[in-house]
Amino acid sequence: MYAFTLERPATVADAAKLAAAGGKLLAGGQTLLASMKLRLSAPEQLVDLGAIKELVGIRKEGNAFVIGAMTRHLDVGANAEIKAAYPALAWLADHIGDRQVRAMGTIGGSLANNDPAACYPSAVLGSGATVITSKREIAADDFFQGLFTTALEEDELITAVRFPIPKRAAYEKLRQKASNFPLVGVFVTQGDSGVRVAVTGAGNGVFRHKGLEEALAKSFTPEAAAGVKIDSSDLNSDLHASAAYRANLINVLTQRAVKKALG
Ligand SMILES: Cc1cc2nc3c(=O)[nH]c(=O)nc-3n(C[C@H](O)[C@H](O)[C@H](O)COP(=O)(O)OP(=O)(O)OC[C@H]3O[C@@H](n4cnc5c(N)ncnc54)[C@H](O)[C@@H]3O)c2cc1C
């Protein structure tokens, strides 16, 4: 590591001011500190969000859960209300990385980072959730903009995420054994606004699969998903899996997710 200064503001407004002046926001540090150790990132000032109480917590608002940006994965996974009303979301949080990562990692850090294989972006996009920031509210469909890129501005903090509770939902993933990140993950919901299928790990960022959504809107069954051909031309190929393998996984994991959602 090299020298940097550390600020620990107590309010969102103060954190935003520090970010506007060039400070780098620090949440759980699971990605940022590792990238600093590898010298892939070299901020001169870190702005630790850990003292901002308003960023932590889970509350139910009508038919939605609002989860503060600094809420740890472990706390979402263990929350009794989410487990009862939106078990797919609790399961996803409870199966991110390992216990240490879940004890430190936060939903805000995960979404701001937008790793193309992260789990939470698929839940946010698959739920049609809303990302609440220090400046505005951003629909999930507008938030994720490709590889490690989001709609966030330099001085904009995620403060919370609002998840509408669907009628049915499930998340299925195949872990990449070395990193624990999903090789491919699929989050499926069926709710008032129809069916949403969000895929992570397969492309340059999380995306919705229109073909699967249309088939499942007609018939919410594993068989309907099985009949959809997944085009592999825009999918990733790397040493872990070819694009064709990932395409097949999208189909298989969607079938499993629908089966799980149907109970
Ligand atoms: C070994 C390992 C395994 C993992 N496995 C998985 C997995 O299976 N699935 C998965 O989804 N994730 C996985 N992760 C990622 C992890 O869960 C965290 O979500 C991720 O590291 C980022 O969250 P963080 O709170 O640590 O953010 P940090 O590392 O502190 O920050 C990440 C980025 O987000 C920015 N940021 C943080 N908070 C905010 C905010 N409120 N507003 C705006 N910008 C902000 C920071 O400036 C930084 O650029 C894994 C991580 C590790 C180290």
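Which residues surround the ligand, and which of them are the closest? In this predicted model, local features require pLDDT of at least 70 and side-chain atom pairs count only at pLDDT 80 or more, while totals for chains, interfaces and linings use all residues. Residues are numbered from 1 along each chain as its sequence is written, and side-chain values use heavy atoms, with hydrogens and water left out.

The ligand is surrounded by 33 residues, and the closest are L25, G29, T31, T106 and C119; a residue qualifies if one of its heavy atoms lies within 4 Å of the molecule.

| Residue | Protein atom | Distance to a ligand oxygen atom |
|---|---|---|
| H73 | polar side-chain atom | 2.8 Å |
| G97 | backbone N or O atom | 3.1 Å |
| N180 | backbone N or O atom | 3.0 Å |

Taken alone, the ligand exposes 980 Å², of which the protein buries 89% (Shrake-Rupley method, 1.4 Å probe).

The largest pocket holds about 1400 Å³ of space. A pocket is an open set of points on a 1 Å grid over the protein atoms alone, where a 1.4 Å probe fits, with protein on both sides within 12 Å along at least five of seven lines; lining residues have an atom within 4 Å of a point. Volume is the space filled by probe spheres set on the points. Of the 50 lining residues of the largest pocket, T31, G109, S110, A112 and N113 lie nearest its centre. Strand 2 (24–26), helix 2 (32–37) and helix 7 (107–113) each give two or more residues to this lining, and helix 7 gives the most, with five. Helices (H or I, at least four residues) and strands (E, at least two) are DSSP runs. At least three lining residues come from each of domain 1 (5–164) and domain 2 (168–261).

The second largest pocket holds about 280 Å³. Its lining has 15 residues, with A117, Q176, D238, H240 and R246 the closest to its centre. Domain 1 (5–164) and domain 2 (168–261) each supply at least three residues to the lining of this second largest pocket.

Terms used. Domains from an automatic or database assignment. Polar contact = N/O pair within 3.5 Å; in protein donor to acceptor, adjacent residues only side chain to side chain.
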